[in-house]
Amino acid sequence: MSQEQGDKELSRDELLKKYDRESTYRTNLGKWAILVSILGIALTVFHLWTADDPYRSVIQGAVHLAGGMSLIYLLYPFKQSMTGRKGIPWYDILLSLTALFSNFYIVFNYEHLFQSSVVAGFGLFDKIVATIFVLLLLEGTRRAVGLPIVIIALIAIGYGLWGSGLPHFGHAGFEFDRLMTDLVYSSEAIFGTPIQISSTYIYLFLFFGVMLVQTNIGQFFNDLAFGATGRFTGGTAKAAVFASGMQGMVTGSSVANTVSSGSFTIPMMKRAGFKPEFAAAAEASASTGGQIMPPIMGAAAFIMIETINVPYSDIILVAIIPALLYFTGVFIGTHFEARKLKIYGLPKSELPSPSYLLKQIDLLLPLFAILFMLYSGYTPTTAALWGIFAAFAISFVRSSTRLSLKDILHTLEQGARIALPVIAACASAGIIVGVVVFTGLGGKIANGIIDIAGGNFFLVMFFTMIACIILGMGLPTTANYVVTASLAAPALTQGFDVPQIAAHFFVFYFGIVADITPPVCLAAYAGAGIARANPMKAGVTSVKLAIAAFVVPYVFVTNPVLVLQDATAAALIPALITAFIGMTGISAGMINYFVTGNTWYERLMLIGGGIMLLIPNLFIAVPGLGLIIVVYILQRFRQNTGKKTAVSP
């Protein structure tokens, strides 16, 4: 490795540790490295072995959480500043062993804890183990995920213990020992839906993403992106958006994908002539959008299928149009920015040739394997397993993707490492969900939102959006969706005639875009670190590029045909056409360029006309189209006559 490459790698690692709590693990394990490897490999093998025939859900979850919690204490130190110290201190070894014991206590005493105890009650030792379990989980989550979700979980526990006297939000009340045992020895809290999905679907799909990276199949996504878009106006930015969107859907982390992809794409965009803050924003927007891009949409989508009881194949279909609208907005934004700066495509000599791409087209087979299995009626678990096997088999076709035995073991270990923050987040989110279920808090908050909004539907959507973005600023996507699905989504489904899937996609989207929404926009900040740009400017530019994510959820709640609810060709086709034209107008107004630079009133007409086109009402959409056409004619006339007009800043 050259000195320059080493410096770049160091910079990337530093950025990950600064903006991505999940990357603040120990780098020098010393003699304990082999123990970590054994535990990581064993955890991944366990999930692969039980994929088609998982154990009883709680037992599967307990083994899953045992491996996850024990590894967290071995890999994540008490303080971030301690990541570079050699070895693992004795107290973390003890905590790791205690985490193993508390989970396997559940495995070996399942019948007593989850069945006979309903009649006989819990013993003192059961209560002690439950309390230690909750404390270990919260501390492990703080280390691997961060403090915000722990604070919310503690507030939930406090509400369970002392919230009985609150006006409007009171409940029957819980004693401390009862709340602890209900949280741990129940299938509705820590071992509820989030950890059950994490121990089956999510772990395998995360491992599938690791397989693509470790076999260099993921690199083909970059080559394909540059081959498809590199020659067009602003080709470097469009290729970066394409590639990062494809990789983001399998990494499941906006920040991690921004840094890993951005270390290559952001300098390239800057060399092409894009401003640093725009290069950072383009990468952050695409990496964030990857989590809403089918067929693999990040971990939260797998929890959605159980929450609303919809097959994953249906979730994929429903997600297609909103995802296309999102990336259309980002692509159009990069196009208008490139036109404004007169940045053209890359020369043919710098792009992968069609023949080269065609020779490697078999590298897409793992994705096709997953889609084929899903639409053949198999479970997501089985589909993920076949995708993993397909990636493994195809890796042996060529030397650049082939794995040695050492590589295979490393890949198995990495599968466990990448899952640790998700495991912790899902388990801690289970605490919050458990308290919500036990106390009926979800319905009370939904009624509260409706009351505050005075029953106004758009205000309810607005308050729900704000709640999701605020939560998303502190929580990873998976935990954010679990919490907002319990607390915020009911406000849309209980008080109004909103299809359940539309309401859940609404909170799903706004939880995700928190990563690019100022003032706390970690993906944009990470991209700005690579681009050496102003972080806040990068965040604002990210919002401009990803404006679809802030508009489209309102559209598919008010016009569910865009999420294929009661969709007919006669209703869907006009809605699609007006939506894409509307996104063009909004993007042109946000970037401040259409045929040429916009005046202030042209900018308002473009944004206003675009929003009107997104409203499912012919009498509103047609005048909106008229506004965009008027701006086009005005700017074309100005361009042809060479007349100069002051454009808005």
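Is Cys468 buried or exposed, going by its relative accessibility? In this predicted model, Cys468 comes out at 0% relative accessibility, so it counts as buried. Cys426 also goes down as buried, because its relative accessibility is 0%. Neither cysteine has a sulfur partner: a search of the whole structure turns up zero disulfides. For Cys426, the nearest cysteine sulfur belongs to Cys468 and sits 17 Å away. Looking from the other end, Cys468 is in no disulfide either, and its nearest cysteine sulfur is that of Cys426, 17 Å away. With a disulfide taken as a pair of cysteine sulfur atoms within 2.5 Å, that spacing of 17 Å leaves Cys426 without a bond of this kind.

Next comes helix 26, which covers residues 535-545. Its N-terminal end is capped by Asn534, with a side-chain oxygen of that residue 2.9 Å from the backbone nitrogen of Met536. Further along, Ala538, Gly539, Thr541, Ser542 and Leu545 are buried. Viewed down the axis of helix 26, these buried residues fall within an arc of 165°, so they line one face of the helix. As for what covers the buried residues of helix 26, the list includes helix 13 (276-289), helix 15 (312-341), helix 25 (522-531), helix 27 (547-558) and helix 28 (569-591).

Just past the end of helix 28, Asn592 adopts a positive phi of about 70°.

Finally, there is Thr439, which belongs to helix 19 (residues 405-439). Thr439 has a relative accessible area of 8% and is therefore buried. A polar atom of its side chain lies 2.6 Å from the backbone oxygen of Val435. Setting aside neighbours within four places in sequence, Thr439 touches Tyr159, His171, Phe174 and Lys444.

How values were computed. Residues numbered from 1 in each chain as written. Predicted model: local features only at pLDDT ≥ 70, side-chain atom pairs only at ≥ 80, totals over all residues. Heavy atoms only, no water. Buried < 20%, exposed > 50% of the residue type's maximum accessible area, 1.4 Å probe, protein only. Helix = DSSP H or I, 4+ residues; strand = E, 2+ residues; numbered from the N terminus. Arc of directions from axis to C-beta. Contact = heavy atoms within 4.5 Å. Polar contact = N/O pair within 3.5 Å; in protein donor to acceptor, adjacent residues only side chain to side chain.
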